[in-house]
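Okay everyone, thanks for coming. Have a look at the screen, and I'll walk you through a few things.

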Amino acid sequence: MASVSVIDELKKAQILELLEQGKRVDGRAFDESRELKIEVNAIPKANGSARVYLGDTEVICGVKIQPDRPFPDTGDKGLFICTAELLPLSHPTVETGPPQPHVIELARVTDRGIRESHMIDVTQLVIEKDKSVIGVFADNVVVDYDGNLFDACSYATTAALLTSKTPTWEMVDDKPSVVEGGEKQLPVNTIPVSVTMGKIGNHIVVDPNGDEWASMDCRITITSDSDGNICALQKGGSDGFTQEEINQCGELSVKIGAKIREQLKSAQESQ
Amino acid sequence: MGGRDATMVLLDENGIRCDGRKVDEPRRIMIKAGGLKNADGSAYIEFGDNKILVGVFGPRDVHPKHMSNTDTGILRVRYHMEPFSVGDRKNPAPSRREIEISKVIKEALEPAVMLEKFPRTAVDVFIEVLQADGGTRCAALTAASVALADAGIPMRDMVAAIASGKVADTIILDVNNEEDQAGQADMPIGYMPRLKKITLLQLDGVLTPEEYKKCVDVGVKGCEIVYELQKKALHDKYFGKRND
């Protein structure tokens, strides 16, 4: 996302110089993510929502749940669709118009992390097989940019889904109709947590902030589930990792993911 | 994409996969360097039933001009699937999937190409998937590296790519379409064997931390096999066919 943040070469050199001394530009440890604040039910008209602050990055996720037609080859499963968008007010370089490749990647990586973990049990979201199913739509909007949108969107989506209430529908005259008083929690199997690491020089830092994001050579986003298994991964950026670094990042993501998962759980319980 | 067969056995009791391969056996891979007259460099790859054509132009002037960079050349990659390349006709307009894959392949190639030698210019890589059968991004990346070399563009290394994955609780090399659809995990890997750097890595599917490490390892070893075939393709074109 080099195009999003403008950073001069001096700042880049300073960030690298600090890393050589074992320090990060904002004083964090290499394996320390920024403070994460989660406000659930930020949008009461949505079926579930969360406003998430990861340092100075801010994302709002709203979940809408409504009946839909199933995909032709999966009539026994509900739908889960997750999107992400950078709003023009989030950074001076963001423009309106069709989404840029880096925004498409953000949306697809966020979706993949949740989907591949099988967080939502879509088999329980069927109203009538092959005819009508429940669709869960999680839409993320980035309202303030300071790097690492992958994790901010992942946490916002997960927090919003954990606190979502779905209505119940039954088929009346071949159409889905809401059952009064049938509201319940979404069926959740696991809590996926993504952890993004940036590589600057030969240093790997967790949760790069905006300046680090603009300086890094490459990055990796790894999602782990409640069992400590790895369920999705995306490498990005114009350099490579060694095999040892990939293994190290895998271990880091599970370790840090476990801490963040506890925070997501307490946000769920706080509602 | 393809028809799913629920009764298909992905791995039988003798460790043989649905297409007759062993767990660590790649599909048949044929790479040809060159072939296109107008492109500065090109390559054609058959990777199992995948058939992919790559053409490279450049370094050349950048249009639109504002995209050019005074410090370095830029790499542009378009990954595109033909409407007839998959089971149901694909809309020819670029999908979100194709845009993401274009970006991922571009970032996988950038570390290999000495773009800093050609400031203000662009190298364009056009990837056309004529027939798709699982693992197109790896086959495309492999062929794109050969096409860039064929174009005579200075490179640090070539990127070889292949996917590892998990079917029937077993880690396998080179995931085909059926295994991708019905299997448990798919991990495409792009690797520069000389520089020992992983430049493309994705995963969907659940792996334990041990399986994760094994998957990366199996993929890296697979890339080394592909790398030899890339070198052979270039050797065949420029120094005549070897008898091996």
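So, helix α2 of chain A lies across β9 (193-200), β11 (218-224) and β12 (230-236) of chain A, together with β9 of chain B. Its direction is about 165 degrees from that of β12(A); axes here are lines fitted to C-alpha atoms, for helices over the stretch in contact, with angles from 0 to 180 degrees between N-to-C directions. Helices (H or I, at least four residues) and strands (E, at least two) are DSSP runs numbered from the N terminus. Helix α3 (residues 149-162) of chain A also packs on the sheet, touching β9 and β11 of chain A.

A word on the source: this is a predicted model, where local features need pLDDT of at least 70, side-chain atom pairs count only at pLDDT 80 or more, and totals for chains, interfaces and linings use all residues. Residues are numbered from 1 along each chain as its sequence is written, and chains are lettered from A and ligands numbered from 1 in the order in which they are written.

Now the sheet: it's open, with eight antiparallel strands, in the order β10(A)-β9(A)-β11(A)-β12(A)-β9(B)-β8(B)-β6(B)-β7(B). Strands pair if DSSP finds at least two bridges between them. At the edges sit β10 (203-206) of chain A and β7 (170-173) of chain B.

Definitions and conventions: Contact = placed C-beta atoms within 7 Å.
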